[in-house]
Amino acid sequence: MSKFFNPSLSGLAPYVPGEQPQERKYIKLNTNENPYPPSPQVLETIAREAERLRLYPDPSGTCLHRAIGAHYALEEDQVLAANGSDEILAFSFLAFSTVESGIICTDITYGFYAVWAELFERPVKRIPLKEDFTIDVNGFCGEEATIFLANPNAQTGIALSLFDIEQILQSHRDRIVVVDEAYVDFGAESAAALIDRYDNLLVIQTYSKSRSLAGGRLGFALGQRELIDDLNRIKFSFNPYNVNRLTMAAGIAAMEDDHYFQSCCERVIATRERTAASLSSLGCSVLPSHANFMMVKNPSLDGETYYRALRERGILVRWFNEPRIAAYVRITIGSNDEMAALIAATEDIMKGAR
Ligand SMILES: *Cc1c(COP(=O)(O)O)cnc(C)c1O
């Protein structure tokens with residue numbers, strides 16, 4: 001840290017992304033990327049759009065917002081795209097929380113919420129998940145701060161029903177409830193259907209997981225016009241050209257190729273169910289996931305040892321040094337071949353551990 005660094009941020013503990021190794025080739029099951037490439041239509045569109053790179057992208061994102069809106073039966077002014085859902089989440093912190101009231105999230109969830117809270121100086125209140133890692137809906141009752149919920153939840157993969165989300169929305173009519181649906185397309189229910197009825201609901205989604213565009217950096221918010229307007233106020237005060245031209249074109253093409261999208265999601269879900277059954281039959285406990293990853297506890301090894309042993313065998317998964325989930329590793333759902341390699345490696349490791 002230089003002597004010039006803002007002293008009020010000296011305690012900042014930045015978000016630590018999963019590794020993106022550049023040298024050795026691993027089977028990468030650590031950052032919840034999609035094992036399948038983007039739709040062929042996306043690739044064609046990007047090639048065409050590249051000729052226009054000398055021009056700025058449309059700062060209002062009209063065509064992209066229209067394409068996304070059409071998918072959720074919303075108007076284009078009920079959508080705002082950004083440079084990854086991380087950016088739109090950061091905008092939501094600025095737009096909808098204050099230094100006084102802060103934010104609320106669960107104790108185990110997407111780690112970035114606490115980092116933004118620190119960066120923007122928002123106090124954080126954490127509601128503990130229940131023993132079985134499900135969300136304690138009543139735990140939010142009576143709380144008066146902006147709520148950030150990941151659904152399915154990050155690091156558990158467990159989904160909350162729309163009924164439960166509606167309970168939270170109804171008991172916090174004067175507060176924004178942000179539902180971060182990064183993994184919703186892998187079998188959970190989107191709260192987008194509730195937008196017309198709740199002016200306090202902001203739904204956030206990403207192209208990074210279910211639409212195979214993590215490298216394109218594209219996420220979006222869905223909500224009533226006034227909320228999208230507020231987010232636009234932040235966006236145009238920060239970076240009006242936050243979505244680059246290639247990504248904007250890719251985002252439209254990916255939304256339009258619904259058949260490809262659906263078939264990739266179905267494949268990931270089928271692989272997830274098969275892998276969970278195989279790991280269970282080896283004695284592992286697997287949390288019930290509606291995401292493209294699952295939390296796995298090995299019966300013979302602690303989480304860190306299992307993570308390291310897989311790594312030695314060329315398979316990268318994620319291990320979190322957090323007491324409640326340290327016994328688990330988080331495994332992204334890859335292709336069928338990648339998961340077969342994971343299961344073979346697990347069997348091999350367990351033989352050695354006995
Ligand atoms: C991956 C993820 C994000 C970030 O998505 P990007 O669009 O790649 O920035 C946000 N929230 C959750 C819960 C995630 O898992």
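This is a short chat about the packing in one predicted model.

Trainee: What should I keep in mind before reading it?
Mentor: Because this is a predicted model, local features need pLDDT of at least 70 and side-chain atom pairs count only at pLDDT 80 or more, while totals for chains, interfaces and linings use all residues. Residues are numbered from 1 along each chain as its sequence is written, and side-chain values use heavy atoms, with hydrogens and water left out.

Trainee: Which residues touch the most other members of the largest nonpolar core?
Mentor: They are Ile-68, Leu-201, Tyr-207, Phe-220 and Leu-222, in a core of 51 residues; such a core is a set of buried Ala, Val, Leu, Ile, Met, Phe, Trp, Tyr and Cys residues joined through side-chain atoms within 4.5 Å, where buried means under 20% relative accessible area with a 1.4 Å probe, protein chains only.

Trainee: And which element gives the most to this core?
Mentor: That is α7, with six residues, helices being DSSP runs of H or I with at least four residues and strands runs of E with at least two, numbered from the N terminus.

Trainee: Switching to β12, how many of its residues are buried?
Mentor: Five of the five residues, 328-332, are buried, so the strand is largely enclosed by the rest of the structure.

Trainee: Which way do they point from β12?
Mentor: Tyr-328, Arg-330 and Thr-332 point one way, and Val-329 and Ile-331 the other way.

Trainee: Which strand pairs with β12 in the antiparallel sense?
Mentor: Strand β10 (residues 293-297) does, over five bridges, pairing requiring at least two DSSP bridges between the strands, and Met-294 has Ile-331 of β12 as its bridge partner.

Notes: Buried means under 20% relative accessible area, exposed over 50%, partly exposed in between (1.4 Å probe, protein chains only).
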